[in-house]
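Here are a few quick notes to go with the model. Have it open while you read.

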Amino acid sequence: MTTTTLAGPRATAPARRKAAVLHAEWTKLTTLRSLWTTPLIGVLLTVGIAYAVNDAYGATDTSLTEDPSIGIYYGLNFGQVAAACFGILLIGQEYNAGTIRTSLTAVPARGRLFGAKLLLGGGIGLLAGLLSTAGSYLAAGATVDLALDSPATVRSIVAGVLYHPLLVILCLGATTMLRNLTAAMGLLSPMVFLGTTVLAAVPGVREAAQFLPDRAGQYALRHQDTAGIHYGHWTGLLIMALWAGAAAYGGLRSLRRHDA
Amino acid sequence: MIEVQGLSKSYGQTLAVDDLSFGVRPGVVTGFLGPNGAGKTTSMRMILGLDRPTAGRALIGGRPYVELADPLRQVGALLDAHAVHGGRTARGHLRWLAHSNGLPDSRVDAVLDQVGLAEVARKRIKGFSLGMRQRLGVAGALLGDPPVLLLDEPVNGLDPEGIRWIRTLLRGLAAEGRAVLVSSHLMTEMALTADHLVVIGRGRLLADASTAEFIDRHGRTRVRVRAVDPDKLSALLRGPGSDLTAEPAEGGAWEVTGAEPERIAALAAANGVVLYEIAVQRDSLEEAFMRMTADSVEYRAVAA
């Protein structure tokens with residue numbers, strides 16, 4: 001047996017072990033095509049549709065009559081579904097395939113495993129947010145005359161970048177609470193895709209629906225104020241962050257408490 | 001190496017594992033035996049820290065599994081060969097597993113070679129047969145070259161060649177000084193593979209003994225005799241002066257319990273009965289197991 005030689009000199013400090021778990025999560029991502037293509041599709045959808053829309057409506061400068069962020073972030077309505085799916089798949093496919101048990105056998109410290117997933121999901125989400133937002137503004141730049149240094153634009157850009165990682169973390173946390181891929185897909189993707197938009201159209205429900213994570217997060221993207229919204233733009237981003245934080249905490253609790 | 005101490009697990013009213021205690025020593029293959037639903041898998045999950053015991057604990061080298069640093073280097077486990085993502089390649093699956101415990105990719109290639117999957121290493125798992133998946137699961141267990149191995153039903157669904165491969169592998173790993181715990185409900189296979197047996201039924205420990213002891217204690221030993229003149233033999237064995245228990249078997253033979261073959265042979269010679277077959281027959285592990293579980297009052301009480 002070579003056990004002693006393997007376990008001896010390489011015996012591990014907590015920091016190295018944390019890095020190893022993150023490395024393993026990265027390897028899980030890169031070895032599964034259905035997983036790593038999802039954020040890529042999200043970026044392509046967001047930017048592609050923003051470009052197509054701005055190309056189609058290029059002749060009309062809507063900046064005076066309407067909030068320009070609606071056109072700039074039009075693609076996000078579609079791209080965010082991929083971001084949500086990415087968050088769901090990060091842990092949902094482990095519950096679906098049963099590899100969650102293998103993962104927890106390899107990494108019995110459940111907080112460490114979940115932390116690595118959050119870090120990877122958040123990091124990839126941030127990268128997707130940067131690319132999507134930069135792409136969306138570039139696509140819109142040709143048709144909308146924007147002052148990039150105005151506080152509203154800066155805030156909208158920051159919110160546009162952060163929207164993606166927050167959504168990934170929200171979905172990752174919620175899926176870990178549900179511990180089931182199908183349930184998470186069934187519950188989260190329609191909510192993100194159309195549910196809250198539909199809810200926001202019902203007068204009575206609108207008051208409450210504006211506090212849902214995607215509604216609040218998207219309000220932070222707007223350049224102009226909307227009547228009837230009970231919070232400011234930055235607060236909208238904070239509300240979404242609170243949702244994501246609560247979901248992450250709920251996911252951690254669920255992973256720690258339940259038998260795998 | 002593995003110490004299970006008063007381990008219990010209940011799901012609501014159902015007691016899946018009931019105050020289970022046993023040890024697994026290095027250098028031998030310990031068979032974890034019991035019918036389906038006896039609590040083998042639940043016990044193994046608790047040993048691996050996946051399920052939380054209702055009471056009791058399981059230690060590996062003196063520590064609970066969840067406290068092990070780089071557990072893959074200390075314990076190799078195969079729970080369910082189907083628990084793999086079909087979209088990954090065999091190598092991809094083993095690579096993330098290796099990286100989680102800081103093991104190099106060279107270990108991945110080494111175990112793929114060891115289990116005979118080197119040629120399909122870069123193929124997606126979704127095309128793998130059950131036998132190949134079992135081999136991949138074994139590769140994952142061997143990744144960290146661990147001194148302790150836990151395998152749950154590794155021969156399930158394997159063809160004769162695969163079963164033979166697992167048997168040889170497990171015996172080889174034990175011969176290297178590792179502690180090997182392997183669960184199965186296949187008695188004949190366990191009789192060939194395991195040196196020691198831990199038998200459970202309805203979550204309770206029924207026996208903890210070496211395979212030979214177990215068969216000696218719970219199986220019957222009979223002497224099979226055949227004579228040129230069956231009637232004379234019958235009269236001798238079941239006659240008024242005989243203290244033997246004899247039952248007729250097929251082909252005019254008799255199975256005698258309660259006497260050594262020497263005594264039967266001497267008795268036959270003294271009475272002029274010519275024997276042409278006399279052989280000691282022991283119960284198989286399966287027969288011994290069936291007799292023991294039928295005898296076990298507790299087992300029957302809960303089973304009913």
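Is helix H1 (residues 40–47) of chain B mostly covered or mostly uncovered?

1. Mostly covered: 6 of the 8 residues of H1(B) are buried, where buried means under 20% relative accessible area with a 1.4 Å probe, protein chains only. The buried set is B:Lys40, B:Thr42, B:Ser43, B:Met44, B:Met46 and B:Ile47. Helices here are DSSP runs (H or I, at least four residues), numbered from the N terminus. Just after H1(B), B:Gly49 has a positive phi of about 75 degrees.

2. A word on the ground rules. This is a predicted model, with local features needing pLDDT of at least 70 and side-chain atom pairs pLDDT 80 or more, while totals for chains, interfaces and linings use all residues. Residues are numbered from 1 along each chain as written, chains are lettered from A and ligands numbered from 1 in the order written, and side-chain values use heavy atoms, without hydrogens and water.

3. Now the cavities (sets of points on a 1 Å grid over the protein atoms alone where a 1.4 Å probe fits but cannot get out).

4. Lining residues (an atom within 4 Å of a point) of the largest cavity include A:Pro39, A:Phe86, A:Ile124 and A:His164. In chain A, H3 (33–56), H5 (76–97), H7 (110–141) and H8 (151–178) each supply at least two lining residues.

5. Chain B is assigned domain 1 (2–210) and domain 2 (221–282), with bounds from an automatic or database assignment. Their C-alpha centres lie 47 Å apart.

Note on methods
1 Å grid on protein atoms, 1.4 Å probe; cavity = no way out; pocket = protein on both sides within 12 Å on 5 of 7 lines; lining within 4 Å. Buried < 20%, exposed > 50% of the residue type's maximum accessible area, 1.4 Å probe, protein only.
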